[in-house]
2 protein chains.
Amino acid sequence: MPIVPSANPAVDTADVAALLDRGKTLSTPVLRTVVDRLAAPMDTVAAYHFGWIDEQGRPADGDGGKAVRPALALLSAEAAGAAPEAGIPGAVAVELVHNFSLLHDDLMDGDEQRRHRDTVWKVYGPAQAILVGDALFALANEVLLELGTVEAGRATRRLTTASRKLIDGQAQDISYEHRERVTVEQCLEMEGNKTGALLACACSIGAVLGGADDRTADTLEAYGYHLGLAFQAVDDLLGIWGDPQSTGKQTWSDLRQRKKSLPVVAALAAGGRASERLGELLAADAKSSDFDSFSEEEFATRAALIEEAGGREWTSQEARRQHTIAVEALHGVDMPERVREQLTALADFVVVRKR
Amino acid sequence: MPIVPSANPAVDTADVAALLDRGKTLSTPVLRTVVDRLAAPMDTVAAYHFGWIDEQGRPADGDGGKAVRPALALLSAEAAGAAPEAGIPGAVAVELVHNFSLLHDDLMDGDEQRRHRDTVWKVYGPAQAILVGDALFALANEVLLELGTVEAGRATRRLTTASRKLIDGQAQDISYEHRERVTVEQCLEMEGNKTGALLACACSIGAVLGGADDRTADTLEAYGYHLGLAFQAVDDLLGIWGDPQSTGKQTWSDLRQRKKSLPVVAALAAGGRASERLGELLAADAKSSDFDSFSEEEFATRAALIEEAGGREWTSQEARRQHTIAVEALHGVDMPERVREQLTALADFVVVRKR
């Protein structure tokens, strides 16, 4: 049972799997070549992060993530009438920025697990997490700019804008953890920055490299931005109610980190008995010195109150609402019908995924 | 008495002060406007780092550093026959990358003081140091790419190359701290990456923005690269024998951090009684659990052995040697004689400075 009942029950999972697979197959060899440029030991640390080797340096067939962004970047090139291959440098650049942010965020948030494995700062120490993150960020620009074309310059500019928003979003996310009240609007703005901006860029970067004009690129970014908001709403649901076996994270992961995610802020804003009780508990938690030793039951109680106050259902509806806006935006671009169907299928997948 | 006896005793300090001042005066207002774009609280943290406000948020007239790089970027534009103002976005971008690296390096190295004040991670915590560093790095590309010109694309590409080398250099620097033996060649390679590359970029970026061809830019980079090596050799001397009142760092700063800087590796490579004794002491230090509580005298003993083994004199000569190569490179570019004299004066200053 997916965490959000499907907006489109007819998602063709085989088609989506093939798209994700194509994104990985075409972009990973380039990504590996680019990462190999890093000075030791950063190349090793990055290879571990991407799941290509294990802690002992042995080749591994690790889980490098869902790879939604590379799939989108290749479709983006096709949406502009170019070959999917035109989007490869964009796919690689966006994936580098995404992983730069994961390396730094895991350290800042103290997350010990990602993709079922210890995070880089846990294995190699904080300095390597900082350095390798920095290096991936720089490589992202390098891989685009070395194309030496006007289109690459435009793509780099969009990627830079997205990266700045990503960093703004992480700054907001961290500051909200220490704030007693966060409004639903503030949370949506943060999520738009943190997740929407880079997904938007993934959806335009292939088209820009393929020669699309700014209007086409902007419309594809609108699709990606709302897809990102749907994606993050689902992530927020998975962060509380996801199956650790699927997500690779701890149970109640976001609650353990006092994240003011959408279900939490929506529940707090809802009013009523459960909402008020939740507010009291979270306010006490913020001052509690025992928080780090809370039992499973204590987090389960908070999750149940969020659900009772309507935070879970509101977030599920929000995911479907953003999904709808995203898919509608696709009609603003004249693209091959097959590509539109595939972008729609990816949007459907984002909402029904379990990890 | 400067730490390196001058290669050119006729340095006109008033002329150098005017050049550094012009670099600051023209670039700081743009830098402040750009930093103001950051989401709260990153704008505040960055303003503290640059010395514009104090810990309580009150306006401050802090020491934002020597600002050698902005001065070079403006002269770089003039070397290409453009107005100094053409170099301003380059000056700002290079200064942003430089400060991104300071924020992250201070955290990775555990440095508690910079420019006579607590470092950002000490005041605002590690997460803010990481985030604001990331944001400044992104802003550096933004400030160039928003110019929207072909020249800006070329400048961004050079800045990206320099940034990657800077990160490689920091990775090497960190890995050398845990290594028993580092050769002089490895140390010079690391310093070329860590300091040479970005100074090289500062020296070409204004010219590129001013329309210079690649050969001119490459020659100006050669000047900047060797200037950077001279700069770093002087930094390494100051890191051991600098006056804390001038440098704003602790006494024996680099020895406290087990840095394998030039004087240390040169002394270890020299052979002889003092060199061997130094090697024994440093090997024992690496295993010592008391290292953090070492007295001033213990560091003074190590510094004296480095000097006795010839590490101080060798590094001083290396600074002068790199200075000579840098100044000679200037003859490979056809530029106004006044600009050549000013670039020479800046090179002289780098060698004789006390901080």
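Colleague: Which helices each supply at least two residues of the lining of the second largest pocket?

Modeller: This is a predicted model. In it, α7 (150–177) of chain A and α7 (150–177) of chain B each give at least two residues to that lining.

Colleague: How much space lies in the second largest pocket, and which lining residues are closest to its centre?

Modeller: The space comes to about 610 Å³. The lining has 20 residues, and the closest to the centre are A:Thr149, A:Val150, A:Gly153, B:Thr149 and B:Gly153.

Colleague: How does the lining of the second largest pocket divide into nonpolar, polar and charged?

Modeller: Six residues are nonpolar, six are polar and eight are charged. Gly counts as polar here.

Colleague: Why is B:Arg115 called buried?

Modeller: Buried means under 20% relative accessible area. B:Arg115 has 13% relative accessibility, so B:Arg115 counts as buried.

Colleague: Where are B:Arg115 and B:His116 found, and what is phi for B:Arg115 and for B:His116?

Modeller: B:Arg115 sits in the loop between β1 (113–114) and β2 (117–118) of chain B. B:His116 is in the loop between β1 and β2 of chain B. Phi is near 50° for B:Arg115, a positive value in a residue other than glycine. For B:His116, also not a glycine, phi is positive too, near 65°.

Colleague: What makes the peptide bond from B:Ala40 to B:Pro41 cis, and where does B:Pro41 lie?

Modeller: Look at omega: the bond is cis, with omega near 0°. B:Pro41 lies in the loop between α1 (13–35) and α2 (42–49) of chain B.

Colleague: What kind of peptide bond joins A:Ala40 and A:Pro41?

Modeller: A cis one, with omega about 0°. A:Pro41 has its place in the loop between α1 (13–35) and α2 (42–49) of chain A.

Colleague: How many residues does the largest nonpolar core have, and which have the most contacts inside it?

Modeller: The core has 172 residues. Those with the most contacts inside it are A:Leu96, A:Leu136, A:Tyr223, B:Leu96, B:Leu136 and B:Tyr223. In soluble globular proteins, nonpolar side chains tend to be buried together.

Colleague: What does B:Leu136 touch, not counting residues up to four places away in sequence?

Modeller: A contact needs heavy atoms within 4.5 Å. On that basis B:Leu136 touches B:Val35, B:Leu38, B:Ala46, B:Phe50, B:Leu96, B:Asn99, B:Phe100 and B:Leu103.

Conventions: Residues are numbered from 1 along each chain as its sequence is written. Chains are lettered from A and ligands numbered from 1 in the order in which they are written. This is a predicted model: local features need pLDDT of at least 70, side-chain atom pairs count only at pLDDT 80 or more; totals for chains, interfaces and linings use all residues. Side-chain values use heavy atoms; hydrogens and water are left out. A nonpolar core is a set of buried Ala, Val, Leu, Ile, Met, Phe, Trp, Tyr and Cys residues joined through side-chain atoms within 4.5 Å. Buried means under 20% relative accessible area, exposed over 50%, partly exposed in between (1.4 Å probe, protein chains only). On a 1 Å grid over the protein atoms alone, a cavity is a set of points where a 1.4 Å probe fits but cannot get out, and a pocket is an open set with protein on both sides within 12 Å along at least five of seven lines; lining residues have an atom within 4 Å of a point. Grid points are joined across faces, edges and corners, and a volume is the space filled by probe spheres set on the points. Helices (H or I, at least four residues) and strands (E, at least two) are DSSP runs, numbered from the N terminus.
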